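This briefing is for a reader who is new to the structure shown below.

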Amino acid sequence: MTAAAHTAAAHVDGLSTAAPLVGRASELAVIASTLNGALPAVLRLAGEPGIGKSRLLTELAASADARGWLVLEGAAAEFAEDLPFGVFVGALDDYLAALDDRALARIDPATAALLAAVFPALRRDIAAPALALPNERYRIHRAVRALLARLAGAAPLLLVLDDLHWVDTASAELLTHLLAYPPRGQVLIAVGYRPAQLPERLRAALDRGHAAGRVVGVEPGPLSRDDARALVDGLVPRAELPVMYAESGGNPFYLLELARALLELARAAPPGRAADRALADISRQAPAAVAAAIRQEIAAFPATARSLAQGAAVSGEPFDVIAAAVAADMPQSDALGPLDQLISAGLVLTTDVPRRFRFRHPLVRRAVYESAGPGWRIAAHQRLAEALRAQGVPPTELAHHVAAAAQPGDQQAIDELTIAGHALAGRAPLLAARRFGAALRLLPGGETCRRLDLLQARAASLGAAGWLTESRAALMEAMALVAPGDPYRVQLETRCAGVEHLLGLHPDAHRRLKSALDTLSDRGGAPAAALMTELAADALWRTDWEAMRRWGQDASAAGRHLGDRAIEAAALALLALGEFGLALPEQAEDALLGAATLVESLTDAELAARPDASFYLTHAEFAYERFERVVRHADRGLRLARATGQGQFFIGTLYAKTAALTFLGRLDEAREAADEAVDSALVTGNDNQLGFALQARTRVATATGDLDVAVVAGEESAALLRRLGPSVLVAGSAWTLGEALLEAGDLGGCVTTVLDAVGGPNAERAAGGFRCRAWHLLVRAETARGRLDTAQSWLDRIDAILPRLTPSGVPTTMAETARAWLLLARGEAGPAATAALAAAEAADSAQARLEASRARLLAGRALGAAGLRDQAVELLERARAELDHYGAHRYRDEAVQELRRLGRRVGRGGRRGNGGPGLDALSERERQIAELVAEGRTNKEIGAELLLSVRTVERHLTHIFGKLNVASRAQLGASLRS
Ligand SMILES: Nc1ncnc2c1ncn2[C@@H]1O[C@H](COP(=O)(O)OP(=O)(O)O)[C@@H](O)[C@H]1O
Ligand SMILES: [Mg+2]
């Protein structure tokens, strides 16, 4: 045996198992540090193929394992990007299947059902996942987040998710959620990916996490010359090294593959001139040479082994030997010999799970996959689909093979893809849309009805996934199949206009609706009534109150004439909103009452057929200060949306509910509704929806006094919505931000924001009584910065419009509190108190409880200033108790301060109530942070726990140190314990 061949024989085994790790000292240091602290919650490894990402993840897994962590690993795979939640299933499913039932029994049934939507292992007892509404995928995400926290209960958890550049969309969304809301407890998520191929949304989420300090990154580069030499030392002649290093670019995969090719060559032929030349050739131009070498390696296998490898590459990664045999069209018993050949040659590796194997590297799998011809691959998918079908596997799980194999006109495939699409719509809408798309491509010409159904289903799924432009395209394709003027076509046009509004294409939507109406010969029929209702809604976006009123009138008359109570209800609600916008008194009351009565007379099924009826009703009732009713009708609308899977009004309804609950002083519930709105909007990926949801969050946070949260959410919301162009809804968002800025003390910012939002001094863009809210903010901001004359001019505007406003509860409250602030600033404390008391009375009558308590707080302040101490104390005590009960901590603290100023010794009466006098000075948020500091947590950890940025935590800490008069975290801990 020659020396070179000897070397080859000695090391070929070494190459089929992992070579010892070389270099990577700094990367390993970062990795080790993530195991030492609980945070950051995510470690990302980014780099080109073969650079050593997976290897580093393996090292991480081994050290975590050695420390007693629970380690779960999964990887996305090429050619399998459409298996829903594939990466997570790969990492967790086996583990969950092996858990004994008691461990899972403690998960509540609702969460278990949501988890079953992700993990096949949990579908043992649970039939259908209880999720219909794609908007609510975030509930699945929350359930998985809770599951991870639970799995980390006994020991810390490391979740490894590799090759994310091939991630399926459902997993990508789930990971995005986990990046925004890291699971509680010691959970470290480590991800590997090729940055150039990573889906855009996931990249953005990782970058956001990085900016927030929750993601730490490692980017392994080329190995150094010395490390490269160490890697292939003894495998190849020294003389080859410089060329190999240059050609491989220091990439360990290419280095090892070149070494492998050289070894094979040395084995096949003793060294000689021909072999030397071949050696030199192979060392040149990796990766092309490596690809060629792998192709040769595959070609050199006996036919059975080669076809088993190809079957394996088609069936999945990691692959199951039975599935590989099916795909390769050989009996399972014949597959075992060839499998051993593949393993001993190092093409295929074993895994921890018996009967499951993987390829040496994804690049090797790809080469094997491509070595099989496209026709052969289709046949392999066909065989897999048939075998799975025969086993009774449901369509969702074989659709991937069906889509790859089916011929046009294959009815069974069309059915299966359609079923799979509907089954996936709730949890993985983009995949569902792809399934519908595949079914459409197979559908023979002429099946117009089915095509229309599929196109609509595809449009709905795309819309739910936030792909609105594509959703619109699918609707347009459907419209082209139906003659203009056909009632069905009109329905499609109406839906399309709805999508266009969400895209901010208001003129397109308007034109579409008008021309659809023109094509209708029968203006008295149901399609016309529905269309006119949509035109009334369209006017809302354009702030055209007159048009809104006109279309509302026509549509409600048409609905009444047809005996269609749902349409009539929706139209009346819109009419009421239009009349509110025009500040028209009495008529609006009639429309509003009519709408409410009709909605309440509808059965669930009837209302579900026109979800806009309850949606517009909640908004009209909010405008008319019927806060309790808003909550009741919103809850019914939300329940029906969930039950029927119609999500288009979900976020808007949550918005109305949040706003009403805030007025009612039910701030915990309001915050919950706002959080739901934000989470839901995040999964839809729609900026407009997110803008509204963040507006809801701003409102609640301003009321509770979490001003950091309020301002950040408000600014983001205003920025998102500004792109929609001016509209009534945009005005609302900036007005909400204006209030947050006022409370946060940014008076100039408040004035600019409000004026900009409502369209200038006349506040034309704000509807009816909402103008008073804008002017109220301007009075207060100008008063606070000492420009009393300017403040007075804003107050005059309120007074001028006030007599015309119905209902007058909230506008009067706004007018009188504004007046009270201004009078107080002028030193007229007595009249200020009178105004504030009038405000409280007006707010009480409108059930605007939070505003009523705030007015009492102001009245108490004014009475104190007027020297009427006893009356002041009485009012302030009442305000303090009410505000505390509502959870409006910041306003409550103001009441406490006023009371102290009047010489009353009072506790805050906070819900915890057990803190010392020092703690007492802290707000709820400050107290939370102080307690976490006392537990020894870092600012980063606290930020992650409370969903605050590190900067915000720091700012709170400055306040806390000041209030408690301490200088260090240690002193703070001591002070809290004493
Ligand atoms: N630092 C290293 N020391 C030894 N072998 C390495 C090193 N980095 C990578 N490898 C080997 O190189 C090959 C490719 O690395 P891998 O981690 O799979 O790359 P990637 O995941 O980035 O595509 C694997 O066989 C791996 O074991
Ligand atoms: Mg890898």
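The shell around ligand 1 has nine nonpolar, four polar and four charged residues. In this classing, Ala, Val, Leu, Ile, Met, Phe, Trp, Tyr, Cys and Pro count as nonpolar, Asp, Glu, Lys and Arg as charged, and the others, Gly among them, as polar. This is a predicted model: local features need pLDDT of at least 70, side-chain atom pairs count only at pLDDT 80 or more, and totals for chains, interfaces and linings use all residues. Residues are numbered from 1 along each chain as its sequence is written, chains are lettered from A and ligands numbered from 1 in the order in which they are written, and side-chain values use heavy atoms, with hydrogens and water left out.

**Ligand 1**

- There are 17 residues around ligand 1, and Gly 50, Lys 53, Ser 54, Arg 55 and His 361 come nearest. A residue is near a molecule if one of its heavy atoms lies within 4 Å of it.
- Helices α3 (53–66) and α12 (252–268) each supply at least two residues of the shell. Helices (H or I, at least four residues) and strands (E, at least two) are DSSP runs, numbered from the N terminus.
- Domain 1 (3–17 + 225–297) and domain 2 (25–218) both give residues to the shell around ligand 1, so ligand 1 lies between them.
- Oxygen atoms of ligand 1 make polar contacts with the backbone: the distance is 3.2 Å to a polar backbone atom of Ile 51, 2.9 Å to one of Gly 52 and 2.8 Å to one of Lys 53. A polar contact is a pair of N or O atoms within 3.5 Å; within protein, one must be able to donate a hydrogen and the other to accept it, and residues adjacent in sequence count only if both atoms are side-chain atoms.
- Taken alone, ligand 1 exposes 550 Å², and the protein buries 89% of that. Accessible areas come from the Shrake-Rupley method with a 1.4 Å probe; for residues, only the protein chains shown count as cover.

**Domains and core**

- The domain assignment gives domain 1 (3–17 + 225–297), domain 2 (25–218), domain 3 (448–559 + 573–642), domain 4 (816–904) and domain 5 (924–977). Domain bounds come from an automatic or database domain assignment.
- The centres of domain 4 and domain 5, taken over C-alpha atoms, are separated by 31 Å.
- The largest nonpolar core has 88 residues, of which Leu 92, Phe 119, Leu 161 and Leu 164 touch the most other members. A nonpolar core is a set of buried Ala, Val, Leu, Ile, Met, Phe, Trp, Tyr and Cys residues joined through side-chain atoms within 4.5 Å. Buried means under 20% relative accessible area, exposed over 50%, and partly exposed in between (1.4 Å probe, protein chains only).
- Helix α22 (residues 429–442) gives the most to this core, with seven residues.
- Domain 2 (25–218) and domain 3 (448–559 + 573–642) both give residues to this core, so the core lies between them.

**Helices and their residues**

- Eight of the 11 residues of helix α48 (residues 924–934) are buried, so α48 is largely enclosed by the rest of the structure. The buried residues of α48 include Glu 924, Arg 925, Glu 926 and Arg 927.
- Just after α48, Gly 936 takes a positive phi of about 90 degrees.
- Leu 777 is in helix α40 (residues 770–784) and counts as buried at 2% relative accessibility. Leu 777 and Trp 794 are 17 residues apart in sequence and 9.3 Å apart in space, C-alpha to C-alpha.
- Ala 266 lies in helix α12 and is buried, at 17% relative accessibility.
- Glu 247 belongs to helix α11 (residues 241–248) and is partly exposed, at 26% relative accessibility.

**Backbone geometry in loops**

- Most residues other than glycine have a negative phi, and most peptide bonds are trans.
- The peptide bond from Glu 317 to Pro 318 is cis, with omega near -5 degrees. Pro 318 lies in the loop between α15 (303–315) and β6 (319–320).
- Phe 85 has a positive phi near 60 degrees. Phe 85 lies in the loop between β2 (70–75) and α4 (86–98) and is buried, with a relative accessible area of 0%.
- Arg 355 has a positive phi of about 70 degrees. Arg 355 is in the loop between β7 (348–350) and β8 (356–359) and is partly exposed, with a relative accessible area of 42%.
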